[in-house]
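Trainee: Let's go through this model strand by strand. Where do we start?

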Amino acid sequence: MHATSARALKEQRRHARRRARAANPRLQFLRGFIKNPVMVGSIIPSSQKLIDKMLAPVDWANAKVFVEYGPGVGTFTRPILERLSADATLITIDTNPDFTDYLKGAIDDERLLPVTGSAADVEKILADRGFPHADYVLSGLPFSTLPPGVGDAIGAATSRVIRPGGAFLVYQFSPKVRDFIAPVFERIERGFEWINVPPATLFWAYREPRS
């Protein structure tokens, strides 16, 4: 084999290994956790039990604009898309551009709009895309480890962007998140899911409909 052909074959194999690593969601998730553990709540994606329980209260017929904070490799993104109607939109917001790029390449669905940005800017992110509000917002961001002031800003911005009758769905490994959402949401329901690593506390924070 000529040296040039050998080098070309070696380069092809190298690119193939890179594509395989990029296509592996667990490896991508681990890489994201190592890169920025403060913004990734767990080293292991959520369990199916947690996903089903978290999404169970959603009124899918009236969920036309759904927002997800910290989608990672799409552990929740895919189940949300499976439940959303054909005319709905799912906007994912992640500070890690690697996760945004991964979702763009891994999920071929015109209803999905992956965005690199901060959840604290959710109002502007939606407005820039022509949406005045969200029906539901889901978050697995680790509120208890966010930099000072960020959790409060996200809670306040989320309460403003959700329409009356909508809800903020939050799964956490620390109940401290209630401190950030209780001041800005009228009604909060709480649950727990043991079948997850680690076990998670669940919150459903509702914007009450206007009378």
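Trainee: Which residues make the nonpolar surface patch of about 370 Å²?
Mentor: This is a predicted model: local features need pLDDT of at least 70, side-chain atom pairs count only at pLDDT 80 or more, and totals for chains, interfaces and linings use all residues. Residues are numbered from 1 along each chain as its sequence is written, and side-chain values use heavy atoms, with hydrogens and water left out. The patch is made by Phe192, Trp194 and Ile195.

Trainee: Is phenylalanine 192 buried, partly exposed or exposed?
Mentor: Phenylalanine 192 lies in strand 6 (residues 187–193); strands are DSSP E runs of at least two residues, numbered from the N terminus. Buried means under 20% relative accessible area, exposed over 50%, partly exposed in between (Shrake-Rupley, 1.4 Å probe, protein chains only). At 34%, phenylalanine 192 counts as partly exposed.

Trainee: How many residues of strand 7 (residues 200–206) are buried?
Mentor: Ala200, Leu202, Trp204 and Tyr206 point one way. Thr201, Phe203 and Ala205 point the other way, and all are buried. Strand 7 is therefore largely enclosed by the rest of the structure, with its buried count at seven of the seven.

Trainee: Which residue stands opposite phenylalanine 203 in strand 7?
Mentor: A hairpin joins strand 6 to strand 7 through six residues. The two strands pair (at least two DSSP bridges) in the antiparallel sense over seven bridges. Opposite phenylalanine 203 stands arginine 190.

Key. Patch = residues over 30% accessible without salt bridge, like charges linked within 9 Å, V, L, I, M, F, W, Y side chains within 5 Å. Salt bridge = Lys/Arg side-chain N within 4 Å of Asp/Glu carboxyl O. Helix = DSSP H or I, 4+ residues; strand = E, 2+ residues; numbered from the N terminus.
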